[in-house]
Amino acid sequence: MKSVFVLTIIGFFSALLLYVTNDITKVPIEKAMERVKVEALRQIFPFEFKNDDIKTVIDESGKEFFEIKGEDNNLKGVAVETSSNEGYSGEIILLLAVSPKGEVFDYSVLAHKETPGLGNKIENEPFKKQFKDKTLDGFNWKVKKDGGFVDELTAATISSRAATDAVKKGLEVVSKKYFSGNKK
Amino acid sequence: MKEVLLVMVSAIFINNVVFARFLGICPYMGVSKKIATASGMGMAVTFVMTLATAITFLLNKFILIPFNIAYLQTIMFIVVIASLVQIVEIALKKLSPALYQALGIFLPLITTNCAILGVAILSIQNSYSFGISVLFAFCSGLGFCLAIIIFSGIRERIEDADIPECFKNIPIALITAGILAMAFMGFSGLVK
Amino acid sequence: MNAWQEFNKGIIKENPVLVALLGLCPVLAVTTTVINGLGMGLATTFVLLGSNIVISLISKLIPSKVRIPCYIVVIATFVTIVDLLIQAFSPALNKSLGIFIPLIVVNCMILGRAEAFASRNKLWYSILDALGMGIGFTLALFLLSAIREILGSGTIFGIAIAGNMPPILIFVLPPGAFAALGFIVAAVIYFTKKNKGAK
């Protein structure tokens, strides 16, 4: 009987302690997550913006769009999370920034499992630069090996293919939501 | 169907618990000297891992999330796993003495096997469905079996080899594991 | 044993990683960079210190039949506190350590110290034991992560030092982790034997 009693007391105290800790850290954790998101967005847009300029829009399917608004509330750009399963060893997740005209600004890699030193070069400038200002039409969204326009990375064709695929998918999602009226 | 196959191949070979995720290294190093004990440990781990993931999945879905107490995840899961191991031990003793003979001595060691807790948390982080979670856990267990059985086979041979005094036992085992990990890296890209 | 010895033993003579080979999962998994290694070491030291203090205070009240569950609950409480604090104040570290923060709870070193030391010794000695073991653990992580980061990425603390030399990638990959630890342990065994021989 004593065992049960002691276990209950210890369980009670640990739950209490955790409840208090959770209460204290709740706001800092939310703030930290917010800060990480804003920093990630800052990196991929070519212009400056304030935290208040970011508006998060969630569509019916639960997909999040981060809209950046200018001074007169016009849309300056939109960012969206996009991913591809075609990676060498798993999913590649990107944060893609698109201009109001449907051109790619830039992307950053949020998560990947590609080989360090080979596949992870999709994070680097020379590879990313190829997508700048490209739109969904007028660009062949394939690597050169597959007859497209993207220069694949040496020894990392699969990673290059996956990154290209992810960017293209992100662009499609954005165009479907924002430009479906005036396309084609 | 494609997803099921992908999860299986990934859990057994590509993201092998031992070689790619670094989970369950302690029993991997500790009980891999003989093939017989290694396969016993592997089976015990697979069994408990599958059961634990199923239970923690339900616990997470029907208790932690509805009551908004996700921060109690670690403590809940470890307590559940510890008691699960105890229950399995008692149940096996009563129901199947033969199986208890085979797995019994490994069960207490499993409570502090980080692969069990790790796989339970991973399947929640990956937001798998219930079925896929259980499959993922089972295949991760198989991956562990595969890793530890191959490894114990090699270690049995190494025992007789002439190696420098300071490399005997653990250091040479670690280096062997490194070479095996390299072999398992060959599996990445397999799905493509 | 005097207080200094209690503190000292964990650092070299009974180093939890290099001699006792405990808690190898985080040791191998997070040591790709020095920052990660140190972060993991300090987080584990905090948990060890907290659990040793509490367990040495309450061990007399706990019936021996339920002592292990009690220890696990105490350890898990401290792990969750560390987890929440890291999430709040260092999201980058949280991302790179990932699942290995909650997994501190199954680090056999912590339960081992609780069972073998804190439950049998006075508060003051338990604190020294936790600090010594924690520092020993952190040092081992630092050593391994420094080797892996310098050889594998050509940097230390993220600062490039290798010049134009191409990094040896294998050291940041899993095989390099196993092999590097293997060589370190071999070196430790070699020098311990040599010392004993000299005496």
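In this predicted model, the contact between chain A and chain C draws 19 residues from chain A and 21 residues from chain C. On the side of chain C that touches chain A, the largest share comes from helix H4(C), which gives 12 residues. Sorted by class, this side of chain C holds 17 nonpolar, 3 polar and 1 charged residues.

Helix H4 of chain C, residues 67-89, packs against helix H1 of chain A, residues 2-44, with the two axes 8 Å apart and at an angle of about 5°. Because angles under 35 degrees count as roughly parallel, H1(A) is described as roughly parallel to H4(C). The residues of this contact between H1(A) and H4(C) divide into 17 nonpolar, 8 polar and no charged.

Chain C also has a contact with chain B, to which chain B gives 32 residues and chain C gives 33 residues. On the side of chain B that touches chain C, the elements that give two or more residues are helices H2 (25-30), H4 (73-95), H7 (114-125) and H9 (170-185) of chain B. The largest share of that side, 10 residues, comes from H9(B). By class, the side of chain B that touches chain C has 27 nonpolar, 5 polar and no charged residues.

The table sets out the two chain contacts by the residues that each chain gives.

| Contact | One chain | Other chain |
|---|---|---|
| Chain A with chain C | chain A: 19 residues | chain C: 21 residues |
| Chain B with chain C | chain B: 32 residues | chain C: 33 residues |

Terms used
Residues are numbered from 1 along each chain as its sequence is written. Chains are lettered from A and ligands numbered from 1 in the order in which they are written. This is a predicted model: local features need pLDDT of at least 70, side-chain atom pairs count only at pLDDT 80 or more; totals for chains, interfaces and linings use all residues. Axes are lines fitted to C-alpha atoms, for helices over the stretch in contact, and angles run from 0 to 180 degrees between N-to-C directions. Helices (H or I, at least four residues) and strands (E, at least two) are DSSP runs, numbered from the N terminus. Angles under 35 degrees count as roughly parallel, over 145 as roughly antiparallel, 65 to 115 as roughly perpendicular and the rest as oblique. Ala, Val, Leu, Ile, Met, Phe, Trp, Tyr, Cys and Pro count as nonpolar, Asp, Glu, Lys and Arg as charged, and the others, Gly among them, as polar. Two residues are in contact if their C-beta atoms, placed from the backbone, lie within 7 Å.
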